[in-house]
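Subject: Structure handover

Dear colleague,

Here is the structure I promised to pass on. My notes follow below it.

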Amino acid sequence: MSYEVKSLNEECGVFGVWGHQEASSVTYFGLHSLQHRGQEGAGIVSNDQGKLLGHRDLGLLSEVFKDQRKLAALSGQAAIGHVRYATAGNGSVDNIQPFLFKFYDQSIGLAHNGNLTNARSLRTSLEKDGAIFHSNSDTEILMHLIRRSKKTTLLDRLKEALNEVKGGFAYLLLTEDAMIAALDPNGFRPLAIGQMKNGAYVIASETCALEVIGARFIRDVRPGEVVIIDDSGYTIDTYTTETQLAICSMEYIYFARPDSNIAGVNVHTARKNMGRNLAQEAPIDADMVVGVPNSSLSAASGYAEASGIPYEIGLVKNQYIARTFIQPTPALREQGVRMKLSAVRGVVKGKRIVMVDDSIVRGTTSRRIVRLLKEAGAKEVHVRIASPPLKYPCFYGIDIQTRKELIAANHSIEEIRQCIEADSLEFLSEDGLIQAIGLKEAAPYSGLCMAYFNGDYPTPLYDYEEKYRESLKEKVSFFQ
């Protein structure tokens, strides 16, 4: 097979603080704990007594602010920051956030996590009205809508704009006198409010970012809410009452850090429950359970506990490989996997292995890991996936927007087993996943977006509707 190593990638993470003397440094540390959400670019905008200052660039956060003077120059008691993985827009520095807009009457910093499903239509309409875009990211659309509004206050203009954009979004804005956060009506992406010991308020994509700076969790931002933070504290407003919680289930399965809590549910606990349920649904006689580092380790430990099969470290990840690069030849791609993962020969040799992973996208990486284990002497490799088969694309902020990229959309479980060369293959059921996460929300979505598994999208797809319908007709073979 000539397909590249492919994993799921979430679009980005946002962080903001109001009321701290070292706001940009606090933002840096907060973003560092969100680096897993995006490695293509990073930026920070600060507020120094009403003057907004910004720096952004391509690369990891540590690379963007390698020159500490750049961070020190972002003075002030408030700041917002962003780490990016591109789903909408290309890898140009023009698309790196936060965007800093300087108008004749005000300056605004803007960061966005998610993906708009009506971005193309809105952009076309705005350009016909004379709007000029400086990036091809869908984030910039919100600012054009705000400026176009005839409402009197910024908050009212923002609310009007939020009712025009559709899809998944967590916005963070910084003005001369406030920091504002807003979440889409389905709450696809997590967003939390915290407070530091000195009284400074914090907004973050994940609660792990609150922990690292010593902030106390206050509450989650809920669907359809707008949070306004200024020198007087924070207030909660709403821009719509037509809400239905549908948190991206992949946040629990793969994206979020295990030490984060989303809607009151600890991610590690949810993943461990997935492993337990998987062991009950798909038992196998084996000698040891091995998790694929790092996002699958919690599920693997749950599988081991529920099955009574010992958990062992049979795969080791090189922590200094920041990301998997797309290599031009099969030989180089194979080498890329070996650089990222190593099988522990002394542990797996002669053993029957249960290899627990969080998901299968193309199957390419799974096959290479199975091969690694067998080349290290594993007698059998039984693959257990702690989520249902990924059959449908995502349009809310994950870089899978066509069924051609998903092996489960085109092949049966037995065919996938053959493709990845496993001795057996089983997936967690949808009910098993919902029960493992355990949100208390009512039907139809149990508080979760499960569209990747069943095609039941919580919102209209707008600009993506035709593309999605066409993808349903596509049949792609992942076999040579």
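What share of the contacts in the protein with a separation of 6 or more is accounted for by residues 24 or more positions apart? The share is 70%, where contact means heavy atoms within 4.5 Å.

Some ground rules before the details. This is a predicted model, in which local features need pLDDT of at least 70 and side-chain atom pairs count only at pLDDT 80 or more, while totals for chains, interfaces and linings use all residues. Residues are numbered from 1 along each chain as its sequence is written, and side-chain values use heavy atoms, with hydrogens and water left out.

Overall fold

The protein has 17 helices and 23 strands; these are DSSP runs numbered from the N terminus, with helices being H or I of at least four residues and strands being E of at least two. Its radius of gyration is 23 Å, close to the 23 Å that the globule rule gives for 480 residues, so the protein is as compact as a globular protein of that length. The radius is taken over C-alpha atoms, and the rule is 2.2 Å times the number of residues to the power 0.38. Along the principal axes, the C-alpha atoms fill a box of roughly 70 × 45 × 45 Å. Of the 480 residues, 59% count as buried (under 20% relative accessible area, with exposed over 50% and partly exposed in between; 1.4 Å probe, protein chains only).

Annotated positions

UniProt, in an unreviewed entry, lists Cys12 under "active site". UniProt positions are given in the numbering used here, feature names are shortened, and annotations may be inferred rather than shown by experiment. Cys12 sits in strand 1 (residues 12-18) and is buried, at a relative accessible area of 0%. Apart from neighbours within four places in sequence, Cys12 is in contact with Arg37, His82, Val83, Arg84, Tyr85, His112, Asn113 and Gly114.

The "binding site" annotation, also from the unreviewed UniProt entry, covers Ser295, Asp357 and Asp358. These residues are spread over 64 residues of sequence but cluster in space, with a largest C-alpha distance of 8.0 Å. Ser295 belongs to the loop between strand 17 (288-291) and helix 10 (297-307). With a relative accessible area of 16%, Ser295 is buried. Beyond its neighbours within four places in sequence, Ser295 is in contact with Ile253, Tyr254, Arg271 and Asp358.

A helix pair

Helix 9 (residues 267-281) and helix 15 (residues 430-437) pack at an angle of about 145°, their axes 8 Å apart. Axes are lines fitted to C-alpha atoms, for helices over the stretch in contact, and angles run from 0 to 180 degrees between N-to-C directions. From helix 9, Ala270, Asn273, Met274, Asn277 and Glu281 meet Gly432, Leu433, Gln435, Ala436 and Ile437 of helix 15. The residues of this contact divide into five nonpolar, four polar and one charged; Ala, Val, Leu, Ile, Met, Phe, Trp, Tyr, Cys and Pro count as nonpolar, Asp, Glu, Lys and Arg as charged, and the others, Gly among them, as polar.

Two further residues

Ser471 is in helix 17 (residues 465-473) and counts as buried at 3% relative accessibility. Its C-alpha atom is separated by 5.8 Å from that of Arg403, 68 residues apart along the chain. Val361 lies in the loop between strand 20 (352-357) and helix 13 (364-375), and is buried, with a relative accessible area of 6%.

Regards
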